[in-house]
Amino acid sequence: MTVMPDPASFRARVLALVERIPAGRVMTYGQLATLAGAPGAARQVGFIMSGLAGTDLPWQRVINAQGAVSTDRLGFGDIQRGLLTAEGVTFGASGRCDLGRLQWWPDEQTDAQASLF
DNA sequence: CTTTTGACTTATT
DNA sequence: AAATAAGCCAAAA
């Protein structure tokens, strides 16, 4: 069961975005905060994520701006990397992936269709 | 209302 | 490249 607070809340907007991240792609905390309407609230996004583990949401696809997972100190960094690796995301020896290639933006799903407007 | 807290980010050594 | 410091903002208490 997923957490569904007020649709108007910052949290709900973040969760809605997380749910749309395609497999094998990632988003950063700051990016989510900005798209949810609160630039700079990256830390708050992280706090929201703390409740996502164990839900249906693809929480593993949210990483930090360095292209690395921020869950090592929580004890399940290896689990998160494992899930992402299973989706095709590759991590270098430094524990970071190629953000420039894997970071996903919501409008990416539309390409030629966007020009209809 | 004020204070505290973080799965963050950026700039600066 | 790695470690520090300071800034940042939404919730909960």
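A search of the whole structure turns up five salt bridges. Keep in mind as you look around that this is a predicted model. Let us take some of these bridges in turn, then move to the DNA.

Start with E87 and R61, whose side chains meet in a salt bridge with an N to O distance of 2.9 Å. E87 sits in the loop between helix 4 (77–86) and helix 5 (99–102), while R61 belongs to the loop between helix 3 and strand 2, so the pair ties together parts that are 26 residues apart in sequence. How do the two partners compare in exposure? E87 has 22% relative accessibility and therefore counts as partly exposed; R61, at 12%, falls under the 20% limit and so counts as buried.

Next, find R81. The side chain of R81 meets that of D72 in a salt bridge (2.9 Å, N to O), and the side chain of D78 meets R81 in another (3.1 Å, N to O). D78 and R81 both lie in helix 4, three residues apart, which is about one turn of the helix. An α-helix has 3.6 residues a turn, so residues three or four places apart point the same way. Because they share partners, the salt bridges of D72, D78 and R81 form one network. Which of these residues are buried and which are exposed? R81 counts as buried at 18% relative accessibility, D72 is partly exposed with a relative accessible area of 44%, and D78 is exposed at 62%.

Now turn to helix 1, which covers residues 10–20. Its buried residues are F10, A12, V14, L15, L17 and V18. What covers them? The cover includes helix 2, helix 3 and strand 2 (62–63).

With that in view, look at DNA strand B, which is surrounded by 19 residues; the closest are Y29, R43, M49, N64 and A65. Of the atoms of DNA strand B that come within 4 Å of the protein, sugar and phosphate account for 41%. Several polar contacts can be picked out here. At S70, a polar backbone atom is 3.2 Å from a sugar or linking oxygen of DNA strand B. Helix 2 (29–35) and helix 3 (42–49) are the elements that give two or more residues to the surface near DNA strand B, and helix 3 supplies the largest share, five residues. By class, this surface has seven nonpolar, 10 polar and two charged residues.

DNA strand C has its own surroundings: S9, F10, R11, A38, P39, G40, A41, R43 and Q44. Here sugar and phosphate make up 67% of the DNA atoms that come within 4 Å of the protein. Helix 1 and helix 3 are the elements that give two or more residues to the surface near DNA strand C. That surface divides into four nonpolar, three polar and two charged residues.

How values were computed: Residues are numbered from 1 along each chain as its sequence is written. Chains are lettered from A and ligands numbered from 1 in the order in which they are written. This is a predicted model: local features need pLDDT of at least 70, side-chain atom pairs count only at pLDDT 80 or more; totals for chains, interfaces and linings use all residues. Side-chain values use heavy atoms; hydrogens and water are left out. A residue is near a molecule or strand if one of its heavy atoms lies within 4 Å of it. A polar contact is a pair of N or O atoms within 3.5 Å; within protein, one must be able to donate a hydrogen and the other to accept it, and residues adjacent in sequence count only if both atoms are side-chain atoms. Helices (H or I, at least four residues) and strands (E, at least two) are DSSP runs, numbered from the N terminus. Ala, Val, Leu, Ile, Met, Phe, Trp, Tyr, Cys and Pro count as nonpolar, Asp, Glu, Lys and Arg as charged, and the others, Gly among them, as polar. Buried means under 20% relative accessible area, exposed over 50%, partly exposed in between (1.4 Å probe, protein chains only). Contact means heavy atoms within 4.5 Å. A salt bridge is a side-chain nitrogen of Lys or Arg within 4 Å of a carboxyl oxygen of Asp or Glu.
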